[in-house]
Amino acid sequence: MATRGAVTGYGAAGAAFLALWEAAPRLGWVDERLLPPFSQVAATLGAMAATADFWQQVQLTLLETLTAFAIALPLGALLGVLVQESRLASLIFKPLIFFVFSIPKSIFLPIFILILGIAFWQKVAFGVFSTVFIVMMTTFSAVESVREDQLRVARSLDASTMQKILFVYLPSMTPVLLEAVRVAMIFNFTGILLAEMYASREGIGNAIGVWGLGFQIKELLAMVLFVSVLAIGFNEAIRYVEAKCEHWRN
């Protein structure tokens, strides 16, 4: 968890960044048409936030993101444990998972569009696809961090695979998995925004794409600012929970 001094440092750095953003176009250091002053972008964001359409777009993107995340996180963690637990499955599937993980997921987006169209579940499916591999990769490392003596006790009690997952693996892996949650959400959110920008008529990603093509810089930067604050807020919230669970490592 960040100390009070660190929080003060973050605040000072943020204030310096916003002051530089405000001053640069006003002093002619950059073209105001490409980078409007922060105060104008903030005013545009305020005007957008006063409309019902803005919140409808935000609500849709958040619903897609959270739905994909709610599927990908437990699915990736469960598959990761099952593959890591079985020597044969580990031998067969781990190289394939590493290979697929190294491929940029964006090249598969047209396939998702051809199969699922441009509706809600296409974005969710692509978000799951973009996220599940990073969760599995992190789960492999998390499983390796489980203490062998705890596993021996579970085996001596003839615990089933599901019992070992729930009562041995999950408590031991939680701190590592919380780190995976933060990284996985970045992949997930990026996948959803990309799917909306590529083929959608609504959502935050679609709005960013339309404003970018239309050279509506103030609206574009306002939405980028909003998404950035949203992502940083989620990241810091998970870091706070992660710090609270730190003692579980021992």
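Leaving aside its neighbours within four places in sequence, which residues is Gln 84 in contact with? They are Ser 90, Lys 94, Phe 140, Val 143 and Glu 144, where contact means heavy atoms within 4.5 Å. Keep in mind that this is a predicted model, where local features need pLDDT of at least 70, side-chain atom pairs count only at pLDDT 80 or more, and totals for chains, interfaces and linings use all residues. Residues are numbered from 1 along each chain as its sequence is written, and side-chain values use heavy atoms, with hydrogens and water left out.

**Gln 84**
- You'll find Gln 84 in helix 3, residues 52–85 (helices are DSSP runs of H or I, at least four residues, numbered from the N terminus).
- Gln 84 is buried, at 18% relative accessible area (buried means under 20%, with a 1.4 Å probe and protein chains only).
- Its side chain makes a polar contact of 3.4 Å with that of Glu 144 (a pair of N or O atoms within 3.5 Å; within protein, one must be able to donate a hydrogen and the other to accept it, and residues adjacent in sequence count only if both atoms are side-chain atoms).

**Helix 9**
- Helix 9 spans residues 204–213 and is mostly covered, with 7 of its 10 residues buried.
- Among the buried ones are Ile 204, Asn 206 and Trp 211.
- Those buried residues pack against helix 2 (38–49), helix 3, helix 8 (161–198) and helix 10 (217–244).
- After helix 9 comes Phe 215, with a positive phi near 55°.

**Ile 113**
- Ile 113 sits in helix 5, residues 109–116, and is buried at 18% relative accessible area.

Notes. Helices (H or I, at least four residues) and strands (E, at least two) are DSSP runs, numbered from the N terminus. Buried means under 20% relative accessible area, exposed over 50%, partly exposed in between (1.4 Å probe, protein chains only).
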